[in-house]
Amino acid sequence: ARGPPRARPAMGGGASTKKKAWDRVFHLTSNVEDDIGEKYVQVFPVWTIAITRNQRQLAAATSDNRINLWCMVTQNLLIPLVGHADTIWKLAYSPDDLLLASASSDGTVRLWDVATGMPTMILPRNHANWVVSMAWSPDGSRFATGGSDARILIWDCGEAVASQNRVAELAADAQEAGEYDTYYSELAQEESVRAEHAKQPLVFWQAHEKSINCLDFAPTESKMLVSVGSEGTLAVWDADSGVLDARLMGHIGSITCCAVSPTNEELIATGGEDHTVRLWDLGDVDPGSTAAKTSREKAIGLNLAHFSLKGHEGGVTAVRFIGDGNLLASCSKDCDVRIWLPHLQNPTLFAKFGAHEAWVQDLQWTTDQKMIVTAGSDGMIFVWDVPKKFHLGPLRLEQALKYPERQDGKGMNPAEQ
């Protein structure tokens, strides 16, 4: 039986003081309670969530087309972000925690300042329709978006924001200098031309036959991008050139989500409408191999031997590896979360629990691996305890919390440029 939509107290108030694994710690919700706080009179389903690397902030996109920023420390609502005119499908923080990106059915991708909640930029509309998926490269130098137009676009959002900031600074300098000193105004004009160019996609290509439901960069290989589509294929790309490395199939129907292992870029997890989670070993399709060549030539891809993990009784909505790759979590329309041991020799189910009273739409692990956070159509965001043996120790946590350096040497932090 699933618990009530209200978070139960961790201790006291009749609750057992003995902590169990996967116990609920606290909850967040923008649902509206009745006068006596007994039930919700208005429910705002949560479509997607994201958590900053430093674990201080959580962003949640709700059915009223808002993004609510929550403080994970105080559990208070910080600010609602308003601007999208339709469903927000995906949220993603940049690897340096400075920007929050949001993708929507209104055809736009918006960037927000994490510290203030202020809108930073709307990327030019280059997708023909809905923007459904997106992902940051591990060093933040690349940002990929995927749409219902079946195209992938690659952007440099860090450079676009930095260039826009430079225009604003030079415009302020020009105003201060006055109309008789044109030095700064000329510089501002030159920079605004560069800024317009920096906002354009670096490269784009037709990637699938149908909508691109999920994108993920390999955490250890920044050029490697994985995409999955509604036609039922998984594709591996060189994100710099848009060249296809391999295309695989095996799911029955749409593939809804994907994740690349943080410790082995050859291990990929996918989830589908067919209720299964699948594990793929890219070691079996080395780019130069005959198998890889065959997979690229076939529109439906290669049916590569892989593991099919069964148990969910509804479509799988998200798959996520824990930071050190030792666990894989999946959530589903069956209201449950399943935790798998994703070993390529013999993957097994480690735990499962009823998480929500409606479809579980998304989940995220925290960087310290102490918590897993789920979001559902019941408008609830639940935070769950992860067993202690999976928590990161101080040294590994320090490493995991470090913000990455951009590989191209441009520096990620727009404030530093």
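Which element gives the largest share of the lining of the second largest pocket? The legends below take up this question and others. This is a predicted model in which local features need pLDDT of at least 70 and side-chain atom pairs count only at pLDDT 80 or more, while totals for chains, interfaces and linings use all residues. Residues are numbered from 1 along each chain as its sequence is written, and side-chain values use heavy atoms, with hydrogens and water left out.

**View 1. The second largest pocket has a volume of about 570 Å³.** Its lining counts 21 residues, of which W89, V132, N213, T256 and T317 are the closest to the centre. Strand 24 supplies the largest share of this lining, 4 residues. A pocket is an open set of points on a 1 Å grid over the protein atoms alone, where a 1.4 Å probe fits, with protein on both sides within 12 Å along at least five of seven lines, and lining residues have an atom within 4 Å of a point. A volume is the space filled by probe spheres set on the points, which are joined across faces, edges and corners.

**View 2. The largest pocket has a volume of about 1500 Å³.** Among the 43 residues that line this pocket, R53, D216, P219, P262 and G323 are the closest to its centre.

**View 3. V73 lies in the loop between strand 6 (67-71) and strand 7 (77-81).** Strands are DSSP runs of E with at least two residues, numbered from the N terminus. V73 counts as exposed because its relative accessibility is 60%, where exposed means over 50% (1.4 Å probe, protein chains only). From C-alpha to C-alpha, V73 and P287 are 45 Å apart in space, and they are 214 residues apart in sequence.

Methods: Buried means under 20% relative accessible area, exposed over 50%, partly exposed in between (1.4 Å probe, protein chains only).
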